[in-house]
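Student: Could we go through this one together, beginning with the strands and then turning to the packing and the rings?

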Amino acid sequence: MGEQRSQRDGLLAGALSAALALAVTLSLALATGAPSLPELVSDRLLELTPGPLFSLLIDRLQTAAKPLFYLGILITLLVIGALAGGWFARRAATRGSSLLRGALALALALWLVEEVLVLPLFGAGVFGQASRFSGLSGPLVRLAGLGTYGLVLAALLALFRPAGPLVPSRRTVLRWGVVGALGLLGGGALLRALGGVSEIGAISRVTRRGGNRLPDPITPVGQFYTVSKNFIDPVVDRASWKLEVSGLVRTPLTLRLDDLRQFPLHEQLTTLTCISNEVGGDLISNGQWRGVRLGELLSRAGVEAGAVDVVFTCADDYTDSIPLTKAMEPTTLLALEMNGQPLTEKHGAPLRAVVPNIYGMKNAKWIRKIEVVGYDYQGFWQRQGWSDSAIIQTMSRIDYPLSGSTVARGEVEFGGIAFAGARGIRAVELSFDEGKSWQPATLLEEIAPLSWRFWTLRWRLDQSGPLQVLVRATDGIGELQSAQRTDPFPNGATGYHRVFLAVA
Ligand SMILES: Nc1nc2c(c(=O)[nH]1)N[C@H]1C(S)=C(S)[C@@H](COP(=O)(O)O)O[C@H]1N2
Ligand SMILES: [Mo]
């Protein structure tokens, strides 16, 4: 076989094998929770991306930014797989050694290069152990992926050998069928993986609601939405952690966790929602927070005249600020616990801010330093144009029936949530006629003043056919939710949520 031809075959076989290997790796990563190479390097790559480009990506592409970024990395890996295949096929053609043994040796070599060269280069450490994902599963999942690459590469190159008949044998067809089916399966898993990557900067794993069911009044920690700017969140060592309170204060403080626990601890149900939540979106959850009043801490330090903002600086170099008046409110907490347990890493262990009535953005996680300043401080997202006051806009959502579902004619129950920060909810209404008329829903008992409010409504649907149902809320001061559809950037999304139903 000519070298040119075998190289061309090798490129093709390499790309196909790499696609399959990636599908296998990502499926395994999804199943085991272990990180795949794309996940590990994308973290570092995003960090290395120049600020202006990063904010352009985030601003312009919003939720698409990260999937696109991810896709870029996958394509790069495909190209590397193709090139390695091309090189290998050419070498195998001239040497005539065993395809299988050679391809597996190639896979092993690629794995070693990945584990001891590439990963450390991207800050993840040898075998990825310096990343948040330490342990054996990561290297093993990546080994399985590259093993797949080697096996498939050998199989494909064997198929491409010109000695084979012109009309493919039944066995060949069968083999291709299996390869194709696996590829499709893997592709599906890949799409799922990409779909799971969402929102400004972060991976938010929120289980999609299903069935005629309202969310849990207090969101279990494992279902609580998460957003961060990081691909890999910081892990803060509790023993050596210290909180610095400085700036315009009479007595700067340095506090350890035990010192913080000497303050009176307050418990408070507060709903958090992300400013990048879309209308009808999932980035909203309710937590039971326990911690120290920020105001009490600041009083201990003694705030000096001229103070304007209180700035949080976090272990991931994230910063944000709230006005001093907000910081002094008794409901502004520095939380140590969530739902009766110490804060988990994802939610900002060991210390995070809980700032009612203000979007999640300003509920800083992994806090290291609290600084009182005499000017209006612009934080991480504010420098990219997001709202500085970030007051939560009134929202409402229809949780069931799910949009796209079919309901039987007759009485149908609707249910969902509404939230307006500290303003509370006075009313929720549904419209079955494009907003011409509105039917009042029943508000369930208030969970807590700073929590979301649940509602239900039973309504007779007599006419079969397609139906749109809209929801709107009125906040506690009597102001109707804005009907105008706006994007999350820069002040949080507005507009009415609607579901599309088929009445049968
Ligand atoms: N240090 C730090 N704090 C942060 C963030 C971050 O990226 N870094 N993200 C913020 C955003 S945008 C939101 S919506 C909330 C989400 O908190 P949760 O993940 O506990 O739901 O954390 C906020 N606090
Ligand atoms: Mo957010």
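**Strands, core and rings**

Student: How many bridges join strand β14 to β18?

Tutor: Strand β14 (residues 425-431) and β18 are joined by six bridges and run antiparallel. Strands here are DSSP runs of E of at least two residues, and helices are runs of H or I of at least four, both numbered from the N terminus. Two strands pair if DSSP finds at least two bridges between them.

Student: Before we go on, what are the conventions?

Tutor: Residues are numbered from 1 along each chain as its sequence is written, while chains are lettered from A and ligands numbered from 1 in the order in which they are written. This is a predicted model, in which local features need pLDDT of at least 70, side-chain atom pairs count only at pLDDT 80 or more, and totals for chains, interfaces and linings use all residues; side-chain values use heavy atoms, with hydrogens and water left out.

Student: Good. Which residue of β18 is the bridge partner of E429?

Tutor: The partner of E429 in β18 is R472. E429 also stands opposite P440 in β15, and two bridges join β14 to β15, which run antiparallel.

Student: And where does β18 sit in its sheet?

Tutor: The sheet is open, with five strands in the order β12-β19-β18-β14-β15 and mixed pairing. At its edges stand β12 (406-407) and β15 (439-440), each with a single partner strand, so one side of each has no neighbour in the sheet. Between β18 and strand β19 (residues 497-503) there are seven bridges, and these strands run antiparallel; G465 has V503 as its bridge partner in β19.

Student: How many residues of β18 are buried?

Tutor: Eight of the eleven residues of β18 (residues 465-475) are buried, so the strand is largely enclosed by the rest of the structure. Buried means under 20% relative accessible area, exposed over 50%, and partly exposed in between (1.4 Å probe, protein chains only).

Student: Changing topic: which residues touch the most other members of the largest nonpolar core?

Tutor: L294, L297 and I370 do, in a core of 50 residues. Helix α9 (residues 294-301) gives the most to this core, with four residues. Domain 2 (221-384) and domain 3 (395-503) both contribute, so the core lies between them. Such a core is a set of buried Ala, Val, Leu, Ile, Met, Phe, Trp, Tyr and Cys residues joined through side-chain atoms within 4.5 Å, and domain bounds come from an automatic or database domain assignment.

Student: What does L294 contact outside its sequence neighbours?

Tutor: Leaving aside neighbours within four places in sequence, the contacts of L294 include V310, F312, I322 and I370 (heavy atoms within 4.5 Å).

Student: Now the rings. How many aromatic pairs are there?

Tutor: A search of the whole structure finds twelve. Rings of Phe, Tyr and Trp (its six-membered ring) pair if their centres lie within 6.5 Å; planes under 30 degrees apart count as stacked, over 60 as edge-to-face and the rest as tilted. W386 and F489 form an edge-to-face pair, 5.0 Å centre to centre with 90° between the planes. W386 lies in the loop between β10 (367-373) and β11, and F489 in the loop between β18 and β19, so the pair ties together parts 103 residues apart in sequence.

Student: Are those two buried or exposed?

Tutor: W386 is buried, with a relative accessible area of 3%, whereas F489 is partly exposed at 32%.
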